[in-house]
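Open your viewer and get your selection tool ready.

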Amino acid sequence: MTIYFLYLAVVILVGWYLLGDTITPRNRAICLGVTAVAVLVIMTCRYSIGYDYISYERIFTEVSAMSMGEVIATHRMEPVFFIFTKLMSMVSLNYHVFLLACNLIMVGFVFWTIYRYSPMWWVSAVLYLTLQFMPHSMNLLRQSIAASIIFASFPFLKKGKLIPYMLMVLLASSFHISAIIMIPAYFLLRAPYKLSVLATYSGIVLVAYIGFTPILRFATTYLFPQYAQYVNSSIYAGQNSFAYVMMPFAYVLGVLLAAKGLLERDKQNNALIYSSVFTFFVYLFITRMYIVERFSIYFFMFAMILLPEIIVMLTPKALPTSPTVAQKVEYKKQNENQKVVMILVVFGSIAYMLFAATTGFHKAYPYVSIFDKQNAVSNDSYFQDHTN
């Protein structure tokens, strides 16, 4: 955990206390660049972090032994990832060089999007770790690449640019087919923010929750047969308790309370608001089958833009040249309210990270590096330690 806390301490210290609101665009770019490099090093120098670490090492070895024609013929469902894997194996047979290349894609998409669209770079950088997007990236490699591409499609989603958005989704789906759900999600997220729409979505989710088992059977039989193996799995078909839903519930509740202000700030923020709603909806289903949580990443990553938007939305208006006492009092009150929300976001997310650490999210805790291999544990031992 030391490396994670060191990362958080430096980002918070630099972003909040040293630079704050006075940061220049140049310094902002430098800070984000340095932070991205730190993330890249942490993710690349890991050893046996993530349940799928060994699986992808095996895939890399298998693909490296195949010809390009065999790769294309064998992996038609998600071709770009396997073609990319083959190309990287032609550059180097070192697995960590392959991981570095994958991490460059993910970190590049994520931090470029933060640079362009997050109003508070350092909060987004904190959330990348604390909301488990970095641990997710160190476990579910293909899906994390797909999710980073979906995250980078944010401007197209927000502005209603259908064609470039769909092209991004198709690219993401060529890494992990589950990203295809973001095609219908485009229309759901861009719906006008109304209580009637929210009630309709909630009603549909309630019906799906009650009828989850037959719906799942249908989906894994006719739509996604490649996932049928998970339905009867003693591990993947397990259910999580409602304790895992508490954070997403708090998240969506806070966003809905801020919805009016978010829409006043930018009427196109409806997509961000609904992304929090669908994050909660997906998390709700992990109480029926925990592997469903994997679909939440496509919606949840927008929190790195949404939560900073809420904080900035609360920035008090500048005082006039000769403010009255009442204006000074109101300004102070608004300023304090903004700080309270910022503290809740930052330290609330850190509390969630601690919860994730104790429950073994993504086999990312504690961190084990390539220089500390003797501390690595097997997947079976780790899973047993965090489910008893």
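Start by selecting residues 53-64, helix 3, and residues 79-91, helix 5: their axes lie 9 Å apart and the two pack at an angle of about 70°. Since angles from 65 to 115 degrees count as roughly perpendicular, helix 3 is roughly perpendicular to helix 5. Bear in mind that this is a predicted model.

Now show the side chains at the contact. From helix 3, pick Tyr-56, Ile-59, Phe-60, Val-63 and Ser-64; from helix 5, pick Phe-81, Phe-82, Thr-85, Lys-86, Met-88 and Ser-89. Coloured by class, the residues of this contact come out as 7 nonpolar, 3 polar and 1 charged.

Next, move to the second largest pocket, which holds about 1100 Å³ of space. Which residues lie nearest its centre? Select Ile-181, Val-282, Phe-285, Val-292 and Phe-295 to see them, out of a lining of 31 residues. Helix 14 supplies the largest share, with 7 residues. By class, the pocket lining has 26 nonpolar, 4 polar and 1 charged residues.

Last stop: the cavity. To find the place, select lining residues including Leu-131, His-136, Tyr-283, Glu-293, Phe-300 and His-362. Helix 8 (133-137) and helix 19 (297-300) are the elements that give two or more residues to the lining here. This lining divides into 7 nonpolar, 4 polar and 1 charged residues.

Key. Residues numbered from 1 in each chain as written. Predicted model: local features only at pLDDT ≥ 70, side-chain atom pairs only at ≥ 80, totals over all residues. Heavy atoms only, no water. 1 Å grid on protein atoms, 1.4 Å probe; cavity = no way out; pocket = protein on both sides within 12 Å on 5 of 7 lines; lining within 4 Å. Points joined across faces, edges and corners; volume = space filled by probe spheres on them. Helix = DSSP H or I, 4+ residues; strand = E, 2+ residues; numbered from the N terminus. Nonpolar A, V, L, I, M, F, W, Y, C, P; charged D, E, K, R; others polar. Axes fitted to C-alpha atoms, helices over the stretch in contact; angles between N-to-C directions. Parallel < 35°, antiparallel > 145°, perpendicular 65-115°, else oblique. Contact = heavy atoms within 4.5 Å.
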